[in-house]
Amino acid sequence: LSTLNYVIRRLVNDWKLLLGIFLGIVIASTLVTGAPVYIQALEKQGLTTAIDRAPGVFLDIFMLAPNVPLDAGRMEDADRVIDESVERHIRGLVRGREQYLRGPTYLAGLPRQPIAEGRRVSRGYMQSLSNLEHHTIFLQGRMATDKIMPGPEGPIVEAVLGRPSADVFGITVGDLVTFTPSLNNRTRVQAKIVGIFDPTDPVEDYWQGNASIFVNPGPLPEAPDIGVEVDPEEPPVAAFVTREALIDGAGKAFPGTLITSTWMIFIDEERLKGWPASKSVSRIDSLEEEFVLGLPGAAVLTGIKALVSDYNKR
């Protein structure tokens with residue numbers, strides 16, 4: 001027999017066995033080749049589902065910097081750190097950004113309750129939230145401007161109040177609210193109320209899902225200075241001013257003032273779904289590392305890392 005005839009006869013006689021071996025090899029090769037693709041698709045689908053189920057602002061990034069000097073130059077330096085770190089690490093995920101500045105707690109003099117030694121006083125603070133006018137409905141008056149006027153004891157800035165705060169203290173448009181760090185400080189910043197507003201949508205991402213945090217805060221937990229009597233159940237006067245008025249008003253009236261600056265980075269969920277889980281975590285870690293190095297004491301808060309960690313466990 002020739003070799004060719006021998007091979008042909010063996011194939012004819014054992015075709016069932018050989019076909020089974022061939023099909024087994026094909027199936028095994030297909031599974032081995034397709035396994036990584038299948039696992040990757042499964043991971044992507046699972047992560048997509050987890051992102052869809054995540055609540056409102058859970059995936060947004062909050063970059064918090066406490067004790068930032070209320071000075072134009074220092075504020076610009078902090079903004080530059082934010083711009084560079086966000087651009088370098090998460091530029092493709094960002095769909096919007098807002099900045100919230102919260103000043104220190106001051107003694108607050110009201111039209112019907114001025115600041116006076118030996119009397120119970122109220123407390124309050126000035127705050128700034130970017131693009132406030134685009135997320136509010138003014139019931140009275142208008143949005144505050146950057147305008148600063150000289151007053152008898154310090155600068156006069158324009159401010160607006162949320163309706164709950166205005167109702168509690170009986171403040172109307174045209175009233176002056178006085179802020180000072182202590183009874184002994186002769187410099188006073190007066191905020192002229194030019195508008196009373198309600199949030200357009202109190203549960204939107206802009207308000208972090210709860211506008212009351214900003215417009216109707218609860219009583220302050222910190223104790224007052226020695227010799228100052230306050231009502232522990234009374235909420236603070238939460239006045240909104242512009243960023244420029246806060247810097248050029250309170251910042252110059254009270255040198256050395258430290259504030260808390262929070263940058264709210266709103267994440268595009270659809271773009272986040274396109275990133276592998278490992279990439280999302282590594283980018284957030286790099287963002288946090290660079291941010292903290294630029295602003296010591298700062299922190300980055302987001303639910304992205306927790307979501308990925310929980311997904312990996314499952």
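Reader: Let's start at the strands. How many bridges join β1 to strand β12?

Author: First, this is a predicted model, where local features need pLDDT of at least 70, side-chain atom pairs count only at pLDDT 80 or more, and totals for chains, interfaces and linings use all residues. Residues are numbered from 1 along each chain as its sequence is written, and side-chain values use heavy atoms, with hydrogens and water left out. Strands (E, at least two residues) and helices (H or I, at least four) are DSSP runs numbered from the N terminus, and two strands pair if DSSP finds at least two bridges between them. β1 and β12 (residues 299–302) run antiparallel, and the number of bridges joining them is 4.

Reader: And which residue in β11 stands opposite Phe 62?

Author: On the β12 side, Leu 64 has Ala 299 as its bridge partner. β1 pairs with β11 (residues 258–267) too, in the antiparallel sense and over 7 bridges. There, the residue facing Phe 62 is Met 264.

Reader: Is Asn 67 buried or exposed?

Author: Asn 67 sits in β1, which covers residues 61–69. Its phi is positive, about 60°, although it isn't a glycine. The cut-offs go by relative accessible area: buried is under 20%, exposed is over 50%, and partly exposed is in between (1.4 Å probe, protein chains only). Asn 67 has 55%, so it counts as exposed.

Reader: Where is Gln 208 found?

Author: Gln 208 has a positive phi of about 60° as well, again without being a glycine. At 26% relative accessibility, Gln 208 is partly exposed. Its place is the loop between β9 (189–199) and α5 (212–215).

Reader: What separation is there between the C-alpha atoms of Gly 151 and Pro 66?

Author: Gly 151 belongs to the loop between β6 (148–150) and β7 (155–162), and its relative accessibility of 26% makes it partly exposed. Along the chain, Gly 151 and Pro 66 are 85 residues apart. Between their C-alpha atoms, the separation is 30 Å.

Reader: Now β4. Why is it largely enclosed by the rest of the structure?

Author: In a regular strand, side chains alternate between the two faces of the sheet. In β4, one side holds Ser 122, Gly 124, Met 126 and Ser 128, the other holds Arg 123, Tyr 125, Gln 127 and Leu 129, and both sides are covered. β4 (residues 122–129) is largely enclosed because its buried residues number 8 of the 8.

Reader: Which residue of β10 stands opposite Gln 127?

Author: β4 has antiparallel pairings with β2 (residues 94–102), over 3 bridges, and with β3 (residues 106–109), over 3 bridges. Leu 101 stands opposite Ser 128, while Leu 107 has Arg 123 as its bridge partner. With β10 (residues 237–240), β4 pairs in the parallel sense over 4 bridges. Opposite Gln 127 there is Phe 240.

Reader: Which element gives the most residues to the lining of the largest pocket?

Author: On a 1 Å grid over the protein atoms alone, a pocket is an open set of points with protein on both sides within 12 Å along at least five of seven lines, a cavity is a set where a 1.4 Å probe fits but cannot get out, and lining residues have an atom within 4 Å of a point. The largest pocket holds about 240 Å³, a volume being the space filled by probe spheres on the points, which are joined across faces, edges and corners. Its lining has 19 residues, with Gln 99, Ser 128, Leu 129, Ser 130 and Asn 131 nearest the centre. α3 (72–89), β2 and β4 each give two or more, and the top contributor, with 4 residues, is β2.

Reader: What is the volume of the largest cavity?

Author: By this rule there are 3 cavities of 30 Å³ or more. Among the residues lining the largest one are Ser 122 and Arg 123, along with Leu 220 and Asp 231. Its volume is about 40 Å³.

Reader: Last one: within what arc do the buried residues of α3 fall?

Author: α3 has 18 residues and spans 26 Å from its first C-alpha to its last, close to the expected 26 Å, which is 1.5 Å times one less than the number of residues. Its buried residues include Met 75, Val 81, Ile 82 and His 89. The arc is taken from the directions running from the helix axis to the C-beta atoms. The buried residues line one face of α3, because seen down its axis they fall within an arc of 155°.
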